[in-house]
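Morning, everyone. Let me put the model up, and we'll walk through the sheet and the helices on it.

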Amino acid sequence: MIRPVRVVARRLPPASARVPGVEYVLGDVASALPDTVFQGVTAIAHLAAETYGGQEAHERNTIGATRILLEAAAKHGIKRFLHTSSIAVLKPSRSFGPALREDSPVDADNLGRGPYVWGKAAAERMVADFCKAHAIEQRQIRLGPLVDFSSFGAPGRLGREVGPLYVAMGMPGSRMSVCDVRTASNVIRYYIENFESVPPMLNLVESPQPTRGALVKRLRAAR
């Protein structure tokens with residue numbers, strides 16, 4: 001089934017990078033959007049979040065943006081809401097055991113983990129509470145750190161740039177939880193197309209998890 005897609009973005013991609021058939025709209029989801037953006041919409045996939053800055057930036061662009069889209073869904077009768085979160089919101093496995101699951105404890109209200117984790121955890125809870133109160137079906141996908149295996153750039157936990165060098169950290173054989181952008185896009189599409197039958201919460205990482213050594217090899221090839 002072909003489903004029309006409308007993308008709202010702060011910066012529109014150049015014509016050469018646009019996907020045929022997709023409608024692109026210039027807008028900021030952290031601000032109120034025109035009603036026309038939501039005309040004909042049956043499901044919202046909320047993919048935006050702040051990744052830099054302090055608490056104020058995450059309050060506006062993660063928590064505030066989520067609230068605005070939830071309120072728009074309620075206003076326009078949109079009954080399906082997909083929110084992308086992050087596996088970073090889970091409490092570290094060393095706190096309670098080795099395996100992270102969808103029902104593992106969330107590290108909520110903890111600015112000590114940084115404003116990103118604080119904001120994403122608050123947004124997760126907001127989505128669940130708001131949708132329950134307004135009879136909206138909600139699904140959430142916690143993404144691992146995003147990478148692009150076809151044009152590889154190192155995730156932050158792999159190492160650091162030091163002048164002209166890249167210094168990798170950790171043992172080469174240890175594994176990292178990452179998620180390729182194509183895996184993420186395929187699963188998000190599957191969720192939208194099979195909304196009623198998919199789990200309400202999903203931790204999404206590559207399986208098997210790549211080793212740090214394998215990721216460093218990809219980085220060396222790219223550099």
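A quick definition before we start: two strands pair if DSSP finds at least two bridges between them. Helices (H or I, at least four residues) and strands (E, at least two) are DSSP runs, numbered from the N terminus. This is a predicted model, where local features need pLDDT of at least 70, side-chain atom pairs count only at pLDDT 80 or more, and totals for chains, interfaces and linings use all residues. Residues are numbered from 1 along each chain as its sequence is written, and side-chain values use heavy atoms, with hydrogens and water left out.

Start with β3 and β4. They run parallel, joined by three bridges, with β4 covering residues 80-86. Alanine 45 sits opposite leucine 82 of β4.

Now the whole sheet. It is open, with four strands in the order β3-β4-β5-β10 and parallel pairing. β3 (44-46) and β10 (201-204) are the edges; each has a single partner strand, so one side of each lacks a neighbour in the sheet.

On to the helices. α2, residues 115-133, lies across β4, β5 (137-143) and β10. Its direction is at about 160° to β4. Angles here run from 0 to 180 degrees between N-to-C directions; axes are lines fitted to C-alpha atoms, for helices over the stretch in contact. Contact means heavy atoms within 4.5 Å. α3, residues 181-193, packs on the sheet too, touching β3, β4, β5 and β10.

Last, α1, residues 55-75. The axes of α1 and α2 come within 9 Å and cross at roughly 15°. Among the contact residues are Ile63 and Leu70 of α1, and Trp118 and Phe130 of α2.
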